[in-house]
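Here are some friendly notes to read alongside the model. Take them one at a time, and look up each residue as you go.

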Amino acid sequence: MTSPDIFYVEDDQDFAFILEHAVKEVDETLTLSVMEDGRDAIARLEDYAREKMRPRLILLDLNLPGLSGLDILKRIKEIPFLRHTPVILFSTSDDPADVRASYEFGANAYLTKPSGYNNLIDCLKSLHDFWFTKNKSIN
Amino acid sequence: MNNYQVDLTNCDKEPIHIPGKIQSQGFLIAVDIQSYQVTYVSDNISAYVETSAGVLLNLHVSVLAEHVPAFPSSLDFEQLFKLGRSQDSFDLINPYKVLIGDSPFYLIIYTSGAEYVMEFEPITLDFDIQNLIGRSVSRILATHSLSDLLGNAALEVKQLIEYDRVMIYKFHDDGHGEVVAEVKNEELEPFFGLHYPASDIPQQARNLYKANLTRIIADVHSEDSRILTYEGKENLDLTHSGLRAVSPIHIQYLRNMGVDSSFSISLLSKGELWGLIACHNYTPRFIDYKAREGAKMIGNILSSALEYRQTEEDGEKDEVIKDAVQSLSTYLEKDVDLIAALTKQEVTLLQVTGAQGVAICFENEMYTVGETPPMELIEDLFGWLRRNMQDSVYHTSQLPEVYRAAAPIAAQASGILACMLSKEMGELVVWFKPEQLKTIHWAGNPEKNMEPAPDGTMVLSPRHSFESWAQLVKNTSAKWTAVEITAVLRLREKILYAVNKKASEIRILNERLKMAYEELDTFSYTVSHDLRTPLTTIKSYTELFLAQNTSLDDKGKMMLDRVVSGADKMTFLISEILKLARVGRSDIDFSKINMSSLINGIVEEVTFAQKSAHVDVQIGDCPELSGDQTLLSQAFTNIIGNAVKYSAKSENPKVSINGTVGEEEIIYSIRDNGIGIDINHHDKVFELFKRMENVKDYEGTGVGLAIVKRILEKHHGRIWFDSELGTGTVFYMAFKK
């Protein structure tokens, strides 16, 4: 078992599909794993922790059926091995209440899902630039 | 003190029940109840029998016949007294027929103080009057209405006593009298409808009318006869006498009126003197005792009928009023429109009293029914009542006397009955009664009873003139009855109940509306949110498709570009709606906002986003505001954004922002020299999705100003603007300090 560069929890298959393409467009070497369900995602993350593996970046959709992005965020912060893995909340909502809550639970960033493929690429480019190129020390 | 009162006072002092004289149509002997000795004899006894009064004084009653040969030997006074004493009344004996000489007489005995009084008067009626009276009574009672009852009674009495004029005279509350029915010989002047001053019948005369129900004055021109008694003995009390002499003042009064004989029958209602059946004859005419008793019986029957009919008629009026209150309260329950319930139905406010008009002020609107004064005068009156009413109900029958300004409306509003519904709201109902007696026709001027005596002093004198004298009674309406006032109080309760019910219904409705509003906010929030996702999908796939299919021709690319830009527009719109919904959903978190840094930040962001660095934005004073950081930021972003956007294409575009601190408010103005707003669409500017004609070339959704307005409302602030097309616009936002 290997951990991906980006661990993404998203129930919207369309968005996940678009994002997969966008990630490849930004850097073909990046690996991405997508989980649709919060519970499964946590189980997978716990597996990684046991195997002492960690993704380089965790992206969480905010509104998920069952456990929400915030719930997952809370659990991640409870796993000591993963506590310092950067987590970014990724949502269509730009509600200030959601933004505030995310930071309170320890999110490293809150991003409103860009509208459209081109914007998404721009967004991912800057993400990649920041988290994988400039902030290598984090990982 | 005026003449009228002098007259009344003097007349009231005359001791008319102990005149010491009798009329001369009969004679009188009184004996001591204990000793049976003669104590009083009328001087005129010598005109009837061969004796003189002085001879009879002090004789024992048993020897009277010896000294009066004309008395029949069978006349045993002692026996009669014994009978009367055993019966405790002389009713069974009276009248006792006696032949004196050859003439038939009635002997009438009654008790007066310590004396038995025997009055002898001639019998003039040679037939039995009982049957006649029986028929009269049934004819009187055959009618239903009060006025017919009175008319019939007058007619029957006239036929019974055959006098020239018979009137029913009614006493009003203030003691003055009015002729309410009259039967008379054709050639006579009618007195019907005339009013007579209270002083015409002084108080002690009224008392006698109550004690002795008939009164005959047989001939005003005849000489009275003195009553002899011992020196020092008081005058005989003649209260119950049929012969009592008449006050010289009254005799003069009758003579002045041209009356020779007068007869009256008292009418009592509930123990009080209701009026008189007053009969006048213009030649001397004595009425036989039995005929007088018959008339008395008619009087009795009329009295009880009056009492009954009056109660019945009052009762009917009360019923009408009670029914009206009931109907109105039913309308009030059914009709949500209070005014319609009270004024538009078959039964209206008017029927709650005997008023001619009514006005109601409710929710700042005035409504009237019936005859009321002109609107502007009602308004004044209502204002006066609002300032002066202490209780919930106020009434007067002489409004212009209490409220001078009502003089011009005396005709419709001499009487008012006001009922306060709500003092805070100034809501009240006022019923109007018209000036009731426009003119009172007095039988002679009641104020001219004084005339100079030969020695030059003013003495009272009965009137000489009975010529009708019209007095204008001003500013007075019919009185408000207890029933009317009670009805108004009851109606008031019903109205207040209805108003309260309506108020609580409105409160409930308001709550529901608030809930619906909140639901709508939640709904639009959810819907907008959910719409975003598929929209993003559409756009993303389209862009991905475009990115991966480089072989696509220009036309295909162009069409897919349109899909993308359509999706963009929709995304923007949705995000605006989301913002609006969020304003409604959020609770305001009031804190002190540093406006200077907020506005500087906004200006930087706006000019950058709109690529409008060429717009000269001037920031003046930025006083601190108390409010919600996010919402205020949103509001200022919108307004400043608009100012920049709509002035960007002007020559030397300029936007200036300035805040001023007023007494109660802090007002921010945002001025631009942009395209301006058509003043005709003034009221539409803040409506959702409304965009003005001149902004077609500018991007926008028509939601921005609606959001700003809502944010201001949330802050209990206000927003407005001045504008001129092509010149510029100033938006003002005012916040409470």
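This is a predicted model: local features need pLDDT of at least 70, side-chain atom pairs count only at pLDDT 80 or more; totals for chains, interfaces and linings use all residues.

1. Residues are numbered from 1 along each chain as its sequence is written, chains are lettered from A and ligands numbered from 1 in the order in which they are written, and side-chain values use heavy atoms, with hydrogens and water left out.

2. How many cavities of 30 Å³ or more are there? The count is two. A cavity here is a set of points, on a 1 Å grid over the protein atoms alone, where a 1.4 Å probe fits but cannot get out; its lining residues have an atom within 4 Å of a point. The second largest cavity holds about 70 Å³ of space, a volume being the space filled by probe spheres set on the points, which are joined across faces, edges and corners.

3. Which residues line this second largest cavity? They are Ile6(A), Val23(A), Val26(A), Leu30(A), Leu57(A), Leu124(A), Leu127(A), His128(A) and Phe132(A). Eight of the lining residues are nonpolar, one is polar and none is charged (Ala, Val, Leu, Ile, Met, Phe, Trp, Tyr, Cys and Pro count as nonpolar, Asp, Glu, Lys and Arg as charged, and the others, Gly among them, as polar). In chain A, α1 (13–26) and α5 (117–134) each supply at least two lining residues, and α5(A) gives the most, with four. Helices (H or I, at least four residues) and strands (E, at least two) are DSSP runs, numbered from the N terminus.

4. Look next at α1(A). Phe15(A), Ala16(A), Ile18(A), Leu19(A), Ala22(A) and Val23(A) are the buried residues of α1(A). Because they cover an arc of only 165° around the axis, they sit on the same side of α1(A); the arc is that of the directions from the helix axis to the C-beta atoms. Buried means under 20% relative accessible area, exposed over 50%, and partly exposed in between (1.4 Å probe, protein chains only).

5. What do the buried residues of α1(A) pack against? Their partners include β1 (6–9), β2 (32–35) and α5 of chain A, together with α14 (482–548) of chain B. Contact means heavy atoms within 4.5 Å. The buried residues of α5(A) in turn pack against elements including α1 of chain A and α14 of chain B; among these buried residues are Leu124(A), Leu127(A), His128(A) and Phe132(A).

6. Thr112(A) belongs to strand β5 (residues 109–112) of chain A. Is Thr112(A) buried or partly exposed? Its relative accessibility is 37%, so Thr112(A) counts as partly exposed. Leaving aside neighbours within four places in sequence, Thr112(A) is in contact with Ser91(A), Thr92(A), Ser93(A) and Asp94(A).

7. Finally, chain B has some backbone details to find. The peptide bond from Asn94(B) to Pro95(B) is cis, with omega near -10°. Tyr36(B), in the loop between β2 (27–32) and β3 (38–42) of chain B, has a positive phi near 60° and is buried at 12% relative accessibility. Glu363(B) has a positive phi near 45°, and this residue is partly exposed, with a relative accessible area of 46%.

Technical notes
On a 1 Å grid over the protein atoms alone, a cavity is a set of points where a 1.4 Å probe fits but cannot get out, and a pocket is an open set with protein on both sides within 12 Å along at least five of seven lines; lining residues have an atom within 4 Å of a point.
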